Amino acid sequence: MSDIRQVTEDFAVAPQILPDAAGLAYVHIPVRGSPTPEQVEAVAVAVQEAKGPVLAFCRSGTRSIVTWSLGKAISGARSREDLVRLGADAGYDLSGVLGV
């Protein structure tokens, strides 16, 4: 599979994967550019309702982790500092997006 980057125990991001990845359930939430509040909410709901670990993917993984982290920050589920650290550990700079 692709370059999967584990962000938390039950959330990972990756560059684009092939549609024939076996054993995955899909939720299609297309994001172009910065995510809208509706897209952030849709990702938050999809992650919350997932029956197992979540792999969010896009071309580089950046839009996926940005959309997820905005949802976590808005809900207060994680601090912005924690999200920036998690992003950095996975190879993504979220400081600009999260204002830290």
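Predicted model: local features only at pLDDT ≥ 70, side-chain atom pairs only at ≥ 80, totals over all residues.
Residues are numbered from 1 along each chain as its sequence is written, and side-chain values use heavy atoms, with hydrogens and water left out.

Now to strand β3, which covers residues 54–57: Val54 and Ala56 point to one face and are buried, where buried means under 20% relative accessible area, exposed means over 50% and partly exposed lies in between, with a 1.4 Å probe and protein chains only. Strand β3 runs parallel to β2, residues 11–14, and four bridges join the two; strands are said to pair if DSSP finds at least two bridges between them. One of the residues involved is alanine 12, whose bridge partner in β3 is leucine 55.

Let me step back to the whole chain. The protein has four helices and three strands, these being DSSP runs numbered from the N terminus, with helices (H or I) of at least four residues and strands (E) of at least two. From the N terminus on, the order of elements is β-β-α-β-α-α-α. Of the 100 residues, 35% count as buried, and the C-alpha atoms fill a box of roughly 40 × 25 × 25 Å along the principal axes.

Glutamine 39 counts as buried because its relative accessibility is 16%. Its side chain reaches the backbone nitrogen of threonine 36 at 2.7 Å. Leaving aside neighbours within four places in sequence, glutamine 39 is in contact with Ile29, Pro30, Val31, Ser34 and Thr67, contact meaning heavy atoms within 4.5 Å.

Finally, I turn to helix α3, residues 80–89, in which Asp82, Leu83, Val84, Leu86 and Gly87 are buried. What do the buried residues of α3 pack against? They pack against β1 (5–8), α2 (62–75) and α4 (95–98). Just after α3 comes glycine 91, which takes a positive phi of about 95 degrees.

Terms used
Polar contact = N/O pair within 3.5 Å; in protein donor to acceptor, adjacent residues only side chain to side chain.
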